[in-house]
Amino acid sequence: MNDRTTEARADATRTTKTHAGGTSTTAPPELAVRDITVRFAGLTALDGVSFTVAPGSVHALIGPNGAGKSTCFNVLSGLCRPASGAVTLGGTELTRLAPHRIAALGVARTFQNIVTTQGTVADNLMLGRHALTRAGFTASALRLPGARREQREHLARAREIAELTGLGAHFDSPVGLLSYGDRKRVELARALCLEPRVLLLDEPVAGMNAAERARTAEVVAELRAELGLSVVLVEHDMGLVMRLADEVTVLDFGRPIAHGTPDEVRRDPEVLRAYLGTDATDATGEDAA
Amino acid sequence: MSDRIRALLTRRRATLLTVAVLLCLPPFYLDAFWLRIGLFSMAAAIGAIGLALLSGTAGQLSLGHAFFLAVGAYGYTWLAGDPGPGLPTALAVPLAVLMAGLAGGLFSPVAGRVKGIYLGIATLALVFLGHHVLLTAESVTGGFNGRSVPPLSLGGFTFDADRELTVLGVPFGAEERLWFLGLALFALTWFTARGLLRSRPGRALAALRDSETAAAVMGVDVARHRSAAFVVSSMYAGLAGVLLALAFRRVVPDYFGLVLSVDYLAMIVIGGLGSVAGATAGAVFVTALPLLMTRYADQLPLVAAPGSAEGAVGPTEAARYLYGAAIVLVLLYAPDGLHGLARRARDRLRRRRTPTTVPDTAVPSPPPPAAAARPKEHTP
């Protein structure tokens, strides 16, 4: 009753680290988004969006509310099927795969509004290990030694990831009792438990206070340095984007209007127009906010 | 620290042993009436644990539980009986359970795609279909009058009263022997269900219940896990059906109606959704109450003896009122059921015992979830 075939394939193609927690040996594959168009009953949410996430880079997706950033994430993680266009990870086409198969390829995401499950932090993180584990219904019901060993090993790795994201002290606490910032971090840690090659972060610091923001930014920077994974980041906090991103794509009403390094994008007249309306002369103050 | 864990483990093991020994005692002290209550409770608990996995953990509503109980009960009777292949009874039990699982699997195109209350409606059809088949397929099911159930025999030992057997000076009839069979099957159910809940499949099912989207992007195959939950739940129902058939010694179609499905839902609601211990407690409550009230009808106020004058409230009806009231009370004041009540009581006890706890290890008990049932608003 498990996805033996999918998982076997995922394992074969995956060259990142094992459960022991060593660092990755090869760079993650390139994530290429080509000409994606999504329509919802007359509304074009994404209109010919293309960008490429270079292996191991942090790529930010910014734009005003309703620009299509979250829709873009939904396409990347398979929750939303585009009308046209393609997303490829390395040589694999993602647009036709079900969400769980995309997850098995090492694409993990977090959500804008927190989506955790009941139970403890450990339970949530172990859900993140789902694609990497294979204990099925029979083995788990009978508590076969293999299933128990697997659970033990992966629990140890989940604990490591909890420590890494600053959740170590809360590992056995029910998620419902944690602060907003901690719950947001549980999502991040759960995504990391997938040992992703590409991590999609949908507003990871939204609603956090300054200290929590700084801590999360630190964690993301650390992750990227240590694990060498590619990160796609949707965020309204321009300070964070400017600090973390290598490249920025700006969306407005579903269309990409600018692309480049944070500094280039910051000076782009189109971007200033989208964010501040017409005739903007000085937007750097807003950007730094 | 590790010493403490070890101490806890052995204490846990000791508790388990004590409970096991206590559960083995009743056949030596109680008469057949009480043993029958215990047997029916154990069978109901097995079925309720199956439903708790489906409804409580995976968040899928099923009104078709009675159908799978019937598949188990009739499956065993037919497989081991005379119109039928007449297989050895010990083989017929697992085959009947597999049959119930297969029936659940055949329903998986629906169970994998349809969510929550819609699945409840879809499974309703199964109960009516099943009842119709039980009445009409007379060569297999015996029709309206049902069939008598061949007693189980395991390696020469028959769970029946036919041959005299005395253990420690107590004559062992069918009930005494079946008690131990029920106990073994219940222990198996408890062990496997808790194993499931605390491991990968259980977490995946809980994730499906809480957020299908989150589960899917974490790598959970939604349709596959939905149908698997349904199959597993059907298999537990099938096992419960076999035990019920053995305890009743006769299977009749009218027992496996919609009311039975609703009874099982009542069990898991009263016990607390998604908990093995809760489902067991709920099963005992719902099963034992009407039987006890029938027995003690003459001593209870406001309850008439069975078969007395019209207009009086008989014990069975009174039991239904009582557990109806129990459901309403549970939904209003303890939406997490008996299981939640017990947990809160335990937390409170523990806190009272250690008034000065270390702040960073003390986890406050979770607040009671918002009432599951909201009174209907008045519409003008």
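Predicted model: local features only at pLDDT ≥ 70, side-chain atom pairs only at ≥ 80, totals over all residues.
## Where chains A and B meet

Let's start with the interface. Chain A brings 38 residues to the contact and chain B brings 34. Put together, the two chains bury about 3,100 Å², and carbon and sulfur atoms supply 66% of that area. On the chain B side, B:R200, B:R203 and B:M218 give up the most area to chain A, together 27% of what that side buries.

What holds for charges and polar atoms here? Four helices of chain B each give two or more residues to the side touching chain A: α9 (174-197), α10 (200-210), α11 (212-217) and α12 (222-248). Helix α10(B) has the largest share, with eight residues. Sorted by class, this side of chain B has 19 nonpolar, seven polar and eight charged residues.

Over all chains, the structure holds 16 salt bridges. One of them joins A:R129 to A:E195, with the closest N and O atoms 2.8 Å apart. A:R129 sits in the loop between α4 (121-128) and α5 (137-141), and A:E195 in the loop between α7 and β7, so this pair ties together parts that are 66 residues apart in sequence. A:R129 is buried, at 0% relative accessible area, and A:E195 is buried too, at 3%. Both belong to a salt-bridge network that also takes in A:R157 and A:E160.

A:R197 is also found in the loop between α7 (180-192) and β7 (198-202) of chain A. This arginine is buried, with a relative accessible area of 9%. A polar atom of the A:R197 side chain lies 2.8 Å from the backbone oxygen of A:L105.

## Salt bridges and spans in chain B

Over in chain B, B:E212 and B:R226 form a salt bridge (3.1 Å, N to O). B:E212 is in helix α11 and B:R226 in helix α12, so the pair links parts 14 residues apart in sequence. Another salt bridge pairs B:R209 with B:D210 (3.0 Å, N to O). B:R209 counts as partly exposed at 30%, and so does B:D210 at 27%.

The unreviewed UniProt entry annotates several stretches of chain B as "transmembrane region", including residues 61-79 and 228-252. In the model, residues 61-79 are 79% helix and 0% strand, with end C-alpha atoms 30 Å apart. Residues 228-252 are 84% helix and 8% strand, and their end C-alpha atoms lie 29 Å apart.

Terms used: Residues numbered from 1 in each chain as written. Chains lettered and ligands numbered in written order. Heavy atoms only, no water. Buried < 20%, exposed > 50% of the residue type's maximum accessible area, 1.4 Å probe, protein only. Polar contact = N/O pair within 3.5 Å; in protein donor to acceptor, adjacent residues only side chain to side chain. Contact = heavy atoms within 4.5 Å. Buried area = accessible area lost by both parts, 1.4 Å probe. Nonpolar A, V, L, I, M, F, W, Y, C, P; charged D, E, K, R; others polar. UniProt positions renumbered as here; feature names shortened; annotations may be inferred. Salt bridge = Lys/Arg side-chain N within 4 Å of Asp/Glu carboxyl O.
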